[in-house]
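Please consider the structure shown below. The paragraphs that follow lead through its architecture and its charged pairs.

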Amino acid sequence: HIRAFAMDKTGTLTTGEPVVQDVIPLNGYDTEALLKLASALEIHSDHPLARAIQRKARADGILYQPAEQFQVFKGKGAEGYIDGELFWIGSHRFLHENVGENEPTEVHEKIQALEAAGHSIVAIGHGQEICGLISVADTLRPESIKAIQALKRAGIERVVMLTGDNDGAASTIAKLVGVDEYHAELLPEDKVKQVKLLVARYRQVAMVGDGINDAPAMATASLGIAMGAAGSDAAIETADIALMSDDLEKLAWLVNHSNRTLNIVKQNVIFSLAVKVAFV
């Protein structure tokens, strides 16, 4: 009975293994110092962007100590103390919250250019000072385009992409995979709101995700589907179904298989009732 699918982007439609594309130090910091700060903060996180930064630091042989008194702001970023000083790391939105009107024009333009190219931006700062930017890009799962097409052939009316990533990166992926609509820069509660709107329109809605930020939306949907191999424990425990092979093409198979199953159930019920009537 599912009529619409809501899908997360990072780790669901994409591989969830983004790669650091560019490191942009600012205000006297160099590349090594910036990666050291970012890694010290991101070591506490299992977010795909955090893992990309940690892989880059390891590849460059950068040593760092984990940040202390670490605090996460879901869907935005995090902060922690490094050598007794409070540093923050997060999205462009989180940068705005920390810097306010003090964001330099050239930094804003650089971020916009990178986001328009489909990159995700991680900003690192100290108080109202921006220490630098790290540009990260994810790759599309090879089966994502076929999976969306197969869902539509299976009779799904609407496929919507929900992501906490910036609009530029979201728009790029949305156009590539062919979803009907997308919503970017969403916090976990925003994803829940979007799922509720879909439920109001289509009644039966499935939510596909992999991260802890997707769990509330999956619980709100009529059916929660988790990426079993790449997904977080919270997402898998919340979901009704887990795709253990992380193969999105199984979604259309699932819809068709459930239709076949229901038809067999109906046939069995009708046949058994007919036999009873004949005996009566």
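In which helix is the place of Leu273? In this predicted model, Leu273 belongs to helix H11, which spans residues 250-279. Together with Leu262, Val265 and Val269, Leu273 forms a nonpolar patch on the surface, and the accessible area of these residues together is about 310 Å².

The sheet may be considered next. An open sheet is built from six strands in the order E2-E7-E6-E5-E4-E3, with antiparallel pairing. Because strand E2 (19-25) and strand E3 (68-73) are at the edges with a single partner strand each, one side of each has no neighbour in the sheet. From one strand to the next, the twist averages 15°. Within the sheet, E4 (residues 77-82) and E5 (residues 85-90) pair over six bridges in the antiparallel sense; Glu79 has Trp88 in E5 as its bridge partner. Helix H3 (residues 48-59) lies across E2, E6 and E7, and runs at about 75° to E2.

Side chains of opposite charge can pair when their charged atoms come close. The structure holds eleven salt bridges. One of them joins Asp8 and Lys191 at 3.2 Å, N to O. This pair links distant parts of the chain, since Asp8 is in strand E1 and Lys191 in helix H8, 183 residues apart.

Asp60 and Lys56 form a salt bridge whose closest N and O atoms are 3.6 Å apart. Asp60 has a relative accessible area of 40% and is therefore partly exposed; Lys56, at 29% relative accessibility, also counts as partly exposed.

Note on methods
Residues are numbered from 1 along each chain as its sequence is written. This is a predicted model: local features need pLDDT of at least 70, side-chain atom pairs count only at pLDDT 80 or more; totals for chains, interfaces and linings use all residues. Side-chain values use heavy atoms; hydrogens and water are left out. Two strands pair if DSSP finds at least two bridges between them. Helices (H or I, at least four residues) and strands (E, at least two) are DSSP runs, numbered from the N terminus. Axes are lines fitted to C-alpha atoms, for helices over the stretch in contact, and angles run from 0 to 180 degrees between N-to-C directions. Contact means heavy atoms within 4.5 Å. Patches are made of residues with over 30% relative accessible area and no salt bridge: like charges are joined within 9 Å, nonpolar side chains (Val, Leu, Ile, Met, Phe, Trp, Tyr) within 5 Å. Accessible areas come from the Shrake-Rupley method with a 1.4 Å probe; for residues, only the protein chains shown count as cover. A salt bridge is a side-chain nitrogen of Lys or Arg within 4 Å of a carboxyl oxygen of Asp or Glu. Buried means under 20% relative accessible area, exposed over 50%, partly exposed in between (1.4 Å probe, protein chains only).
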